[in-house]
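Colleague: Please take a close look at one part of this model for me. Pick a single residue and tell me about its surroundings.

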Amino acid sequence: MRKHRRKTSYRKITVAVVAVGAVGVPSAAMACFAPHEKPAAEASRTHTAHRTAHWGAPKTAAPASAPKPAASTSTPEPAAPASGAAARILTLVNSERSKAGCSPLTVNAKLTKAAQDHSADMASHRNMSHTGSDDSAPGDRITRAGYRWSAYGENVAYGYTTPESVMAGWMNSPGHKRNILDCSFKEIGVGLAQPGNYWTQDFGTAR
């Protein structure tokens, strides 16, 4: 698992995730990006990679060029429609959240764009990772899509052929499950790209 730590003082969330294969899908694997809350100050990023039995991802802040919070309260964006596999993932996610007492997530068009673009990038390069082919981290991509976040998380997977199978895989992994059942998240974007069934869930809370 890759962890990212700031030099500022804030609550640290560490998630260890085991890369697993789904039953009947030998090539399937997963990785998750731990929930991240944006601290007030910016600092340099450092990376520590663990690529043995565990596979995780760094916690990062939005780039220095990210938009600053507006002084006035912004109007929430309307929920984006979901269809096909993404709609099924949303239904399954909200079913699990309901059991845990969390409010349902709504689909956000900007998170959806970030998730779909990352899935397409992973499929294009045949590489499941939280680091994009342009060296972007989840926070970079979410910010680039125009999402003004105060917290975010990411789950990725490949090889799972249905929404039910990838959700079962995620829910059987503590780190992925923690993202799905994080009651602080309010919105979601889902991506799926071929070949290889590369999945992305981007979770967020807007500021």
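Modeller: Leave aside neighbours within four places in sequence, and H118 is in contact (heavy atoms within 4.5 Å) with S129, H130, T131, G132, R141, E154, V156 and T200. This is a predicted model: local features need pLDDT of at least 70, side-chain atom pairs count only at pLDDT 80 or more, and totals for chains, interfaces and linings use all residues. Residues are numbered from 1 along each chain as its sequence is written, and side-chain values use heavy atoms, with hydrogens and water left out.

H118 lies in helix α2. Helices (H or I, at least four residues) and strands (E, at least two) are DSSP runs, numbered from the N terminus. H118 counts as buried because its relative accessibility is 1%. Buried means under 20% relative accessible area, exposed over 50%, partly exposed in between, with a 1.4 Å probe and protein chains only.

Now turn to S136. It lies in the loop between α2 (109-125) and α3 (138-144). From H118 to S136 is 18 residues in sequence and 9.7 Å in space, C-alpha to C-alpha. S136 has a relative accessibility of 4%, so it counts as buried too. Not counting residues up to four places away in sequence, S136 touches H130, T131, R141 and R144. H130, T131 and R141 are also among the contacts of H118. The side chains of S136 and D134 are joined by a polar contact of 2.7 Å. Such a contact is a pair of N or O atoms within 3.5 Å; within protein, one must be able to donate a hydrogen and the other to accept it, and residues adjacent in sequence count only if both atoms are side-chain atoms.
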